[in-house]
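Good morning, colleagues. Please look at the model on the screen while I speak about its aromatic rings and one of its helices.

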Amino acid sequence: MTLTICQLEQLLQLATQAALSAGTFINHVDRRALRVQSKQAGSSLSAQVVTQVDLDSQAIILERLQPSIEQYDIAILTEENASEEDVATHARFNKNYFWCIDPLDGTLPFIEGGDGFAVSIALVDISGKPIIGVVYKPSTGDLYQAINADSLISRVLKNGEIWRPVQPLSELCKQDNTTFSVYIDRSFQQDLRYPTVLKKLTKQAEQQGLRLQVIKNCGAVMNAISVLENPPACYVKLPKPQLGGGSLWDFSATAAITQALSHQYLASFSEALCRVSDYQGAPLDLNRVDSNYMNHRGVLYSCGFKHQILAVNL
């Protein structure tokens, strides 16, 4: 069954209500009283911490989405219920669509009292295309909603309004000391490849007359959203042999938002083009058959910078 436009609109609103409900709950948590637990996941500290807030937020979202699961026979993949042991038999390979949920992305900054966390919900089809993306940032109340179908109906709303670039890139680059913002996960600083990647990005920025700055205080979801909010910018995750490198639920919603925003920018002839891919420029594999992680090919988001140049030179 292929969902109609009307059904996609209904599911977008359902996912939005789920994200808002979870975000409201998260905002009322006293973070000073949190008890942090560890779990078997990934190879970085950020992937291995979990709190009761993550679990309760997930329960709120699933309760909201339950009617759609039954009505449209949609599979469910959530961060706190996923397992690498039985990944090959997951229902997402047998359904036309699956909800892909991160109930609290950026648990580490959340624990530490920062604001780089968000609720993230996506609807992904069996081919791995992210069709719907909803991101809610509880600390600011910012809400991002996207339908990423074909170019005629794709759209992105920020706080209920069509999302438009704050300033055309051509005007931004005329300003002195324009920065090229590189968003990374803080664990990337311990990667032996980090100095080389930073050197290459600095060279690319300087060739465009830009000053590079590195930002590392957010989870994966807000890193990707920040790229779209603050062009010229990129978010880089290199492939690695160890499990980790982010998971399907870290990128599905922001991939839908990025792709729909790209359609939107192209339709309005804006220069602030944006794109998401693996680190070599190929499409993300968001229904990976052998794992829930994205360490095999890495991830690259960009906005306001030539994506393929970044991909080729990383």
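Let me begin with a question: does Phe 188 count as buried or exposed, and at what relative accessibility? In this predicted model, Phe 188 has a relative accessibility of 9% and, being under the 20% limit, therefore counts as buried.

I turn next to the aromatic pairs. A pair of aromatic rings is described by the distance of the centres and the angle of the planes. By the rule applied here, the count comes to six aromatic pairs. One of them joins Phe 110 and Phe 117, with 4.9 Å from centre to centre and 80 degrees between the planes, an edge-to-face arrangement. Phe 110 and Phe 117 are both buried. Phe 188, with which I opened, pairs with Tyr 194: the centres are 5.2 Å apart and the planes stand at 75 degrees, and because an angle over 60 degrees counts as edge-to-face, this pair is assigned to that class. Tyr 194 is also buried, as its relative accessible area is 14%.

Two further items concern rings. Tyr 235, Phe 251 and Tyr 301 make up one aromatic cluster.

Finally, the helix. How many of the ten residues of H7 are buried? In H7, which spans residues 220-229, the number is nine, and the helix is mostly covered. Thank you for your attention.

Technical notes: Residues numbered from 1 in each chain as written. Predicted model: local features only at pLDDT ≥ 70, side-chain atom pairs only at ≥ 80, totals over all residues. Heavy atoms only, no water. Buried < 20%, exposed > 50% of the residue type's maximum accessible area, 1.4 Å probe, protein only. Helix = DSSP H or I, 4+ residues; strand = E, 2+ residues; numbered from the N terminus. Phe/Tyr/Trp six-rings, centres within 6.5 Å; stacked < 30°, edge-to-face > 60°.
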